[in-house]
Amino acid sequence: MQDKLQEWFAPFQYFDEAFGLLLFPMVFLRGYQKRLHPIREKGDWLFYAGLAIFWIFGWAGYLFYRYQPLSNALKDFYVNCKFFFALGASYLFFDDENLDFEQMKEKIWPVLGGVTVLLFAMTVLDLFFDTFSTDTRGPFRAVKLFYSVQTVLVAVCVFLSSLYLWYYEKKKNKILLPVGLLSIIMFCTLRVKSMGAIAAVVLIYLFVLRGLKFTGLKRWMKITLVAFLVFAAAAILYQIANYYILMGVESARAMLTLAGPFVAWDHFPFGSGWAT
């Protein structure tokens, strides 16, 4: 709901930034409880090393060239770090022996179903009765419901789908109907990203959760899956090429893509720093 709430009250747009700041009190709390274990597996240090290199290079580039004021560099640094801060805060928050995840799953399941049915019902109403304002792709309505853009609705559906996949071990095939409804909603947004999201959900369900082999699928399933994956891949590649290369000066992304190698060469090895 953040997307809609920030239209009514601007500070809601900083919810993710505020959530990232929870990392620091959670680190203090878990440290005080002597339950702070940042490295639990052998490969964890690679994540921290990569993150440290990213941060060090960003600050090294800023300090060497100083293209931007310090205030801009600090803002950009936090914008690039908030995802990792939020990830760490979430991990530490749920790292609690007193939490009963099985009980939590049972309580969340009906809420999850209610949200899914509500979104699907609103999508059907919008398609037939033009309930919400939106744009069109050719003769078709690109559903976005009450969200600001279609991509936000796709992101919501991806989040809900990921929760359903989390339920697979417990609910098995009961997740198929709600995931199918969410896939329909994503398809109705008529966004290329939705094709990739649907493909990802299908692949995870079939080959990760079910553990199926492609050679073990029925012939019609193979043909359908390959055809959809080819379509999704072609659509995504077209959008990437269009936004990041072909649009040229009409797109900031394309300009960054075209100029990026020259900027990297001129500012080797650290880059031009934060806020550039």
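Helices (H or I, at least four residues) and strands (E, at least two) in these legends are DSSP runs, numbered from the N terminus. Everything here comes from a predicted model, where local features need pLDDT of at least 70, side-chain atom pairs count only at pLDDT 80 or more, and totals for chains, interfaces and linings use all residues. Residues are numbered from 1 along each chain as its sequence is written, and side-chain values use heavy atoms, with hydrogens and water left out.

**View 1**
A241 sits in helix 11 and is partly exposed, at 26% relative accessible area. Here, buried means under 20% relative accessible area, exposed means over 50%, and partly exposed is in between (1.4 Å probe, protein chains only). A275 belongs to the segment after helix 12 and is also partly exposed, at 22%. Between the C-alpha atoms of A241 and A275 there are 25 Å, with the two residues 34 apart along the chain.

Most residues other than glycine have a negative phi, and most peptide bonds are trans. A275 is not a glycine, yet its phi is positive, about 70 degrees. R66 has a positive phi too, near 50 degrees. You'll find R66 in the loop between helix 4 and helix 5, where R66 counts as exposed at 51% relative accessibility. The peptide bond from F268 to P269 is cis, with omega near 5 degrees, and P269 lies in the segment after helix 12.

Rolling a probe the size of a water molecule over the atoms shows where empty space is left. Helix 3 (23-32), helix 4 (44-65) and helix 5 (70-94) each put at least two residues into the lining, and helix 5 gives the most, with six. By class, the lining has 13 nonpolar, two polar and two charged residues; Ala, Val, Leu, Ile, Met, Phe, Trp, Tyr, Cys and Pro count as nonpolar, Asp, Glu, Lys and Arg as charged, and the others, Gly among them, as polar.

**View 1. The largest nonpolar core.**
In soluble globular proteins, nonpolar side chains tend to be buried together. A nonpolar core is a set of buried Ala, Val, Leu, Ile, Met, Phe, Trp, Tyr and Cys residues joined through side-chain atoms within 4.5 Å. The largest one has 32 residues, and L119, L145, L153, Y164 and I175 touch the most other members. Helix 6 (101-129), helix 7 (150-166), helix 9, helix 10 and helix 11 (219-246) are the elements that give two or more residues to this core. Helix 10 supplies the largest share, seven residues. Apart from this core lies another, of eleven residues, including L23, Y62, A73 and Y78.

Contact means heavy atoms within 4.5 Å. Leaving out residues up to four places away in sequence, L119 touches L145, Y147, V156, L160 and I185. T189 is found in the loop between helix 9 (176-188) and helix 10 (192-209), and T189 is buried, with a relative accessible area of 0%. With the sequence neighbours up to four places away again left out, T189 touches A142, V143, Q150, L153, V154 and S194. A polar atom of the T189 side chain lies 2.5 Å from the backbone oxygen of M186.

**View 2. R141 in strand 2.**
R141 is in strand 2 (residues 140-141) and is buried, at 18% relative accessible area. Its side chain makes a polar contact with the side chain of D126 (2.8 Å). A polar contact is a pair of N or O atoms within 3.5 Å; within protein, one must be able to donate a hydrogen and the other to accept it, and residues adjacent in sequence count only if both atoms are side-chain atoms. The backbone oxygen of F132 lies 2.6 Å from a polar atom of the R141 side chain.
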